[in-house]
Amino acid sequence: MKASYYPKYHYVNRSGNIARPTPLSAATNMPKHSPRIDTNDNAEYRDLYDPPRFNDNDRNYFFNLNDLELSKLKQFRIVQNKAHFILLLGYFKAKPVTLTFTWGMVKNDLTHIYACYFPKARLVRKNLNKDAKSNIYQKVFSLTGFQRFSDQHQQKLLKQADLAVAIRADNKTVFDECVTYLNQQWIALPALSRIQSVVNQALNKEEERLVTLFHKQLKGKIKDYITTLLAPHQTTDEFRTLRSQAKDFTFGEISRELQDKQKLEPIFLQAKTILEQAHISEGNIRFYSDMFQNYRTSQLKQFTPAKASIYIVSFLCQRYGHINDNLTNGFYRGIRKYEQSASQYSDTQIAKEANRLSKQIKKVSDVLHVLANSANDETMLAKALLKNIYKILPQSDLASVADFMAKVELDKKQFIWQYYRQNKVTIRRNLRRLFLTLEFEIDKAHFELANQIILAKQELRQCGEIKTIDEDLIRPSDLPYIQNDDLDVPTVDPFLFECYLYRKILQALDNDICYIHHSHQYRPLDDYLINKVDQKQLSSSMSLPMLNVTISELSAGLKELLEEQMKNTSKRINQGANDYVIYSDQTNTIKWSLSVKNPVPTVNNRVFEQFDQVGIIELMRVVNQETNFFDEFTHFQSKYQRTQPNLNDILACILGNGTNFGLYKIANISDRSFNDLRATQANYLRLETLRAANDVISNKTASLPIFEYYQIDERGQHGSIDGQKFECRFSSLMARYSPKYFGQEKGVSAMTLVLNHIPANSKIISADDHESHHIFDLLYNNTSEVKPDILSTDTHGANRYNFAILHFFGYQFAPRYKTFKDHFEKMFQVENAEDIEQLISLRNKHETTSRY
């Protein structure tokens with residue numbers, strides 16, 4: 001019976017597909033001022049605990065009874081109880097929640113039930129009493145295999161909530177974990193107040209623990225630092241300076257980051273030690289740090305010193321890591337920039353040199369004439385002859401012209417290192433300070449590079465140049481270019497070796513053998529690994545059934561599934577049932593490729609020609625009338641939460657930012673005041689309100705009947721993720737140059753998760769960042785009800801890790817490769833024996849474990 005009703009608090013799919021729970025929060029969606037949430041005013045909680053909203057098709061599906069359910073129905077005598085049994089059973093099939101409702105909320109559904117099952121009975125217009133409702137739910141539980149929530153379950157749920165709080169102390173996140181746990185244990189969700197009581201109890205317990213610990217552990221420099229900044233008479237806001245990160249990688253912005261690092265360095269290690277002693281997870285450190293970002297200093301002063309210190313210490317650790325990330329990115333980009341500039345300089349110089357040598361070639365004939373005329377003059381000395389030749393063709397050009405005539409390519413490396421010599425002052429000014437500041441950690445297998453970095457830092461601080469040079473680090477082919485040729489005994493130029501060392505560090509960062517201490521982006525892999533002692537506890541707290549399967553069992557199951565799929569695919573192709581794959585044996589070898597069909601001309605459907613064009617503002621007004629997304633734009637201060645912004649100002653801000661015009665230009669071409677727009681944007685437009693408004697629109701669109709007609713795959717909802725490039729109006733650390741997309745300007749890439757033409761989630765990344773690194777983030781942090789079962793990306797969004805990660809979380813990853821044939825031939829081969837039909841098999845038998 002359990003297979004009939006899967007315990008998820010989301011509408012059951014009529015196709016029988018298992019729907020995932022709709023998360024009430026995402027990792028980045030946090031309360032603005034307090035971890036407590038007023039559930040009475042939260043639409044997501046109301047949607048979970050309010051009766052489902054059925055249309056006629058839903059009623060026919062959910063209120064339809066099988067033989068076992070009809071036998072249970074006969075156990076009731078009163079028609080009202082029978083009708084409510086059908087009602088509550090249908091609601092429970094949709095979402096396993098113990099609902100509280102009034103007669104008016106379920107009037108339409110009861111009317112449908114009476115019309116279908118009790119056409120002669122009179123509809124009773126009153127609420128069901130408590131005892132009758134309890135009796136009905138007891139029978140519903142016995143039918144569906146669920147348990148009623150009890151005090152014993154509450155104690156177990158409290159332990160689960162404690163584990164969830166240890167990972168992230170956010171009300172919505174802990175609530176989601178509790179609901180997921182109850183679903184997996186086949187326990188019906190109790191009243192909202194009982195779950196919220198468990199959540200609040202776990203949060204309060206964690207807060208009391210941290211306040212007590214911080215009160216004891218906070219001492220020394222960090223205590224003096226926090227006490228000084230939170231003093232009532234303190235007027236300078238040091239936190240405001242620390243909150244603002246660098247806008248770009250210019251010299252001034254990097255200088256400010258270096259200053260902030262210098263300020264935090266004396267207290268960072270103590271702050272990190274306190275967090276480690278408090279056993280605060282990475283997720284909670286980020287959560288408390290984000291909470292700090294949302295509080296003004298005046299608000300922090302109203303907390304107890306210990307409670308304020310939780311937020312401050314977490315922020316200081318996070319900020320210090322982000323500073324190291326920014327400085328490392330600046331160092332990385334600086335080296336890349338000089339490498340590219342040196343390569344461009346080399347190409348330019350080679351073109352100039354080639355042009356000059358081509359002119360010198362014309363003088364070779366004159367040289368030959370001189371030699372021919374002097375051949376019979378026995379009195380001419382060789383020295384005089386060479387003097388005449390050098391007048392025509394300089395001695396310095398003889399070897400170059402000879403190589404050029406022999407079509408020997410000009411030496412590009414020579415000009416590259418010439419560029420570094422010419423830009424010595426600029427390179428030292430921009431890169432050396434970052435090199436001296438960053439703490440590099442090199443893999444143990446490359447101890448020569450690690451020792452050279454340590455010595456180089458010491459000597460640069462003491463002498464201003466590198467004295468000790470390990471020539472074993474220099475490739476023999478590179479050595480001549482970084483040596484001083486003006487000496488009798490060639491020696492390595494200290495500055496050129498410094499540049500060479502920077503390039504070695506760049507290669508080490510790319511090859512994951514160089515890490516940065518106390519960084520977020522450049523941490524070693526060991527920092528992410530979990531101790532074996534904690535693995536079992538973490539696996540149980542994450543509520544992922546896949547983690548309870550051993551690697552051997554998982555590999556065997558996937559291998560069996562893959563072999564079955566290969567046999568089925570081979571059979572379909574041999575029978576000609578697959579129109580999209582063809583093969584040819586003209587050369588006695590089997591070649592597979594996608595069949596190419598003539599492209600169908602794309603024209604707009606004539607139905608759209610019948611619609612009148614409307615302005616974007618008018619369109620947004622209509623959407624707001626249908627969805628009320630405007631209600632999601634709440635003030636960032638809690639005391640102003642109930643004040644409503646001006647709708648016209650909100651729409652103008654959205655239009656100005658969405659079209660990249662900006663508020664100032666929108667104010668000039670409209671009747672809106674620039675000051676009002678600026679205040680509205682600062683108070684109401686932020687990531688969490690924009691995401692909430694988008695979710696409301698997406699959820700409403702998905703509830704329309706036409707949504708199902710866009711479904712292209714019967715196995716489930718098929719979504720896709722792709723990036724779109726946008727030019728930036730302001731400087732940002734994410735903005736990158738890309739001549740292909742932005743010309744001479746900088747921009748970013750907006751990755752969007754789309755399902756049936758609905759943008760469910762979006763994320764901004766750098767234009768040069770690989771899209772595949774953000775696929776899971778978009779799926780996991782999707783807070784809308786639009787959930788894909790199958791996900792496709794282009795080649796840029798695919799990598800080996802995504803296949804495993806998405807599989808663990810219940811998604812099917814189906815990338816669309818640009819070169820399908822090449823990927824097929826790398827992984828599979830086609831056996832073509834005379835006695836068997838063509839059969840697809842793995843090219844390497846270890847593919848199932850090594851690749852995925």
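Q: Which helices do the buried residues of α6 pack against?
A: In this predicted model, α6 covers residues 130-144. Its buried residues include Ile136, Val140, Phe141 and Leu143. The buried residues of α6 pack against α3 (67-73) and α4.

Q: How far apart are the end C-alpha atoms of helix α6?
A: Helix α6 has 15 residues. At 1.5 Å a residue, α6 should span 21 Å. The expected span agrees with the distance between its end C-alpha atoms, which is 21 Å.

Q: How many of the 16 residues of α4 are buried?
A: Helix α4 runs over residues 79-94. From first C-alpha to last, α4 reaches 23 Å, close to the 22 Å expected at 1.5 Å a residue. The helix is mostly covered, and its buried residues number 14.

Q: Which residues form one aromatic cluster with Phe54 and Tyr61?
A: The cluster holds both Phe and Tyr residues. Besides Phe54 and Tyr61, its members are Phe62, Phe63, Tyr91 and Phe101.

Q: How many aromatic pairs does the protein have?
A: Pairing requires ring centres within 6.5 Å. By this rule, the count of aromatic pairs is 34.

Q: Are the rings of Tyr117 and Phe118 stacked, edge-to-face or tilted?
A: Their centres lie 6.3 Å apart. Stacked needs planes under 30 degrees apart, and edge-to-face needs over 60. The planes of Tyr117 and Phe118 stand at 45°, so the pair is tilted.

Q: What is the angle between the ring planes of Phe303 and Tyr311?
A: Phe303 is partly exposed at 21% relative accessibility. Tyr311 is buried at 6%. Their ring centres are 6.1 Å apart, and the pair is tilted because the planes stand at 55°.

Q: Where does Trp186 lie, and what is its phi?
A: Trp186 sits in the loop between α8 (171-184) and α9 (192-217). With a relative accessible area of 15%, Trp186 is buried. Its phi is positive in a residue other than glycine, near 55°.

Q: Is Asn660 buried or partly exposed?
A: Asn660 lies in the loop between α26 (647-658) and α27 (663-668). Its phi is also positive, near 70°, in a residue other than glycine. At 33% relative accessibility, Asn660 counts as partly exposed.

Q: At what angle do the axes of α26 and α28 cross?
A: Two packed helices are described by the angle and the distance between their axes. The axes of α26 and α28 (residues 674-684) come within 9 Å. They cross at roughly 85°. That makes α26 roughly perpendicular to α28, with a crossing angle of roughly 85°.

Q: How many charged residues does the contact of α26 with α28 have?
A: From α26, the contact uses Asp649, Ile650, Ala652, Cys653 and Asn657. From α28, Asp676, Leu677, Thr680, Gln681 and Tyr684 take part. By class, five are nonpolar and three polar, and the charged residues number two.

Q: Which residues of α29 meet α25?
A: The axes of α25 (residues 616-627) and α29 (residues 687-702) come within 10 Å and cross at roughly 75°. That makes α25 roughly perpendicular to α29. On the α25 side, the contact uses Val623, Glu626 and Thr627. On the α29 side, the residues are Val696, Ile697 and Lys700.

Q: What share of contacts with a separation of 6 or more comes from residues 24 or more positions apart?
A: The protein has 34 helices and 14 strands. Of its 852 residues, 43% are buried. For contacts with a separation of 6 or more, the share from residues 24 or more positions apart is 70%.

Methods
Residues numbered from 1 in each chain as written. Predicted model: local features only at pLDDT ≥ 70, side-chain atom pairs only at ≥ 80, totals over all residues. Heavy atoms only, no water. Axes fitted to C-alpha atoms, helices over the stretch in contact; angles between N-to-C directions. Helix = DSSP H or I, 4+ residues; strand = E, 2+ residues; numbered from the N terminus. Parallel < 35°, antiparallel > 145°, perpendicular 65-115°, else oblique. Contact = heavy atoms within 4.5 Å. Phe/Tyr/Trp six-rings, centres within 6.5 Å; stacked < 30°, edge-to-face > 60°. Buried < 20%, exposed > 50% of the residue type's maximum accessible area, 1.4 Å probe, protein only. Expected span 1.5 Å × (residues − 1). Nonpolar A, V, L, I, M, F, W, Y, C, P; charged D, E, K, R; others polar.
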